[in-house]
Every structure is written in structure tokens, then in C-alpha cells.
Amino acid sequence: MAEAIWQATIVDDAGNVQDGATVSVHRMEAGFPLALIHIDRAGTEVKGNPFSVGSDGFAAFHAPGGVYRITATKGAFSKTWDYVAIGRGSEIDPGSSALLDTASDTEVNEKAPERVVTPDVLFSPLVPATVTSSATPGIDLALGRKFRLTFDESFVLQLPTHCAVGDEFVVHFTEGSGSGVTAGFAAGYVGSDEELPTINTGAGERTRVHCEVTAVSGTTATEVLVVAAGGLWGAP
């Protein structure tokens with residue numbers, strides 16, 4: 001999906017270019033976690049966050065549509081932009097029936113799909129992110145707050161990254177056709193009733209686990225509370 005760009009020359013109040021300044025981009029939400037940003041409009045090449053500007057003080061990055069806090073620092077200089085709206089809506093003329101095709105940036109005449117808001121967790125994306133099945137699957141909260149994992153092999157769910165204390169997320173687990181599969185949580189996950197839930201017990205079974213980050217080191221969780229675990233879940 002094509003992403004909008006934010007760009008600016010970092011200067012102080014007197015207009016002096018702040019070459020080499022460090023720029024950080026955070027999601028404008030509880031805990032202000034670092035955002036996932038990209039070098040290219042297509043969103044295929046991740047850009048470091050924070051990042052440093054060059055001798056011209058010029059800063060630029062692409063990001064998914066949303067509201068951000070952007071901070072630039074250099075020595076005693078510091079400037080913060082709050083509630084920075086980044087998105088492609090401004091690329092469309094008011095009243096136009098044409099929308100930008102997110103794949104090709106060509107105009108197509110069709111109605112935009114309505115955003116579906118689900119009640120299970122704050123900041124839930126329209127489509128759950130897919131977690132890659134492996135022995136140690138990871139959760140990256142820069143991708144959203146709802147995740148889908150179908151597994152055919154035993155695994156241990158790892159602690160989430162790009163997160164802050166208070167972040168909530170949901171993982172939808174579906175057990176595949178494998179036999180003798182076991183599923184568990186990495187150290188740092190704790191159950192609300194002192195016992196962690198069992199994730200599925202047979203092929204095709206589904207479980208939804210709702211979690212809250214309760215401690216972090218940097219942007220990686222060190223403790224996650226499993227708030228609730230349910231049985232079957234419907235299509236999000």
C-alpha cells in the first residue's frame with residue numbers, strides 16, 4: 001500500500017539549519033511508541049527510527065496513515081511537532097469521486113470501503129496482521145493491534161516489540177492440521193489468574209487471546225498480562 005510522505009528542513013527558531021539532527025517518529029497514543037516508517041512510498045524499505053539528517057538538515061520519511069509525534073534534537077536544540085496527520089487523503093481534490101489506487105497510484109472510480117471498528121481492542125487495524133508461523137513467532141505492534149496466527153508446528157509466542165506500557169493487542173490463533181502440536185508463551189507473559197491459558201487442543205480449533213503490555217525495556221516488552229482468553233471467534 002502506498003504511503004504519504006512527511007518532509008521538512010530542521011531549523012531552530014532563528015532559521016539556522018540543524019545539520020546532523022536526530023529525528024524520532026512516535027505514534028500519537030498512550031506511551032508514544034516508536035512508529036514503523038519507510039524510505040520509499042511503496043512501504044517496502046524500512047527506515048531507521050530514530051534517524052539522523054544530513055548536512056542540509058532535510059528530513060523525510062513515509063508512513064501509514066495516522067497521527068504522529070515528530071521530535072528533532074541536536075545538543076540543546078529540541079523541537080516537537082504533535083498531532084501530525086500523515087495520510088493520502090490530502091492527495092485527492094475535495095468533491096472528487098476518484099480515489100488513488102493504493103497499488104499503482106492511478107485514479108479509479110469506486111467507493112472507498114468503510115472502516116470497520118471492532119470492540120475487542122483499541123487501535124485495531126481494518127485487517128489483522130498475519131504472524132508468520134514459526135517455532136518463535138513475534139508480535140510487532142508497529143503493524144497494528146490485532147494479529148492472526150495459524151500454526152501447524154509447536155511454538156512459543158515471543159514478547160511484542162515496538163510497544164509501550166499500556167498497549168493492548170489481540171492474537172487470533174488457529175490450529176492447523178498438525179498432530180502433537182504444543183503452544184506456549186515466552187517468559188514474561190503472565191496470566192491474570194496466575195495461570196496462562198491453553199492455546200487450542202486440536203486441529204481446526206481457534207482461540208483469541210487479549211493481552212496488555214505492563215513493562216518494557218526500550219521498545220520491547222518485558223512483561224505482558226494475558227487479560228482474557230476466549231474460545232471460538234468470528235471473522236473480524
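Start by selecting R27 and E29 in this predicted model: the two form a salt bridge, with their closest N and O atoms 3.3 Å apart. Both E29 and R27 are buried.

Like E29, R145 is buried.

The structure holds five salt bridges, and another one to visit is D19 with K74, where the closest N and O atoms are 3.2 Å apart. D19 is in the loop between β1 (4-9) and β2, K74 is in strand β7, and 55 residues separate them. How accessible is D19? At 35% relative accessibility, D19 counts as partly exposed; K74, at 33%, is partly exposed as well.

From K74, colour the strands around it. β7 (residues 66-74) runs antiparallel to β2 (residues 22-27), and six bridges join them. Click on T22 and look across to T73, its bridge partner in β7. Widen the view to find an open sheet of four strands, paired antiparallel in the order β5-β2-β7-β8. Its edge strands, β5 (51-52) and β8 (77-86), each pair on one side only.

Next stop: H62, in strand β6 (residues 58-63). H62 is buried, with a relative accessible area of 11%. Its side chain reaches the backbone oxygen of I39 at 3.2 Å. Beyond its sequence neighbours within four places, the contacts of H62 include E3, A4, I5 and R41.

Then move to the largest nonpolar core, which has 22 residues; select F169, F173, Y189 and V224, the members that touch the most others. Strands β12 (146-151), β13 (155-157), β14 (168-175), β17 (206-217) and β18 (220-230) each supply at least two residues of this core. A second, separate core of 20 residues includes V23, V53, A72 and F77.

Zoom in on Y189: leaving out residues up to four places away in sequence, it touches L157, P160, L196 and C211, among others. C211 is buried at 1% relative accessible area, and C163 is buried at 2%. How many disulfides are there to find? The count comes to zero.

Methods:
Residues are numbered from 1 along each chain as its sequence is written. This is a predicted model: local features need pLDDT of at least 70, side-chain atom pairs count only at pLDDT 80 or more; totals for chains, interfaces and linings use all residues. Side-chain values use heavy atoms; hydrogens and water are left out. Buried means under 20% relative accessible area, exposed over 50%, partly exposed in between (1.4 Å probe, protein chains only). A polar contact is a pair of N or O atoms within 3.5 Å; within protein, one must be able to donate a hydrogen and the other to accept it, and residues adjacent in sequence count only if both atoms are side-chain atoms. Contact means heavy atoms within 4.5 Å. A nonpolar core is a set of buried Ala, Val, Leu, Ile, Met, Phe, Trp, Tyr and Cys residues joined through side-chain atoms within 4.5 Å. A disulfide is a pair of cysteine sulfur atoms within 2.5 Å. Two strands pair if DSSP finds at least two bridges between them. A salt bridge is a side-chain nitrogen of Lys or Arg within 4 Å of a carboxyl oxygen of Asp or Glu.
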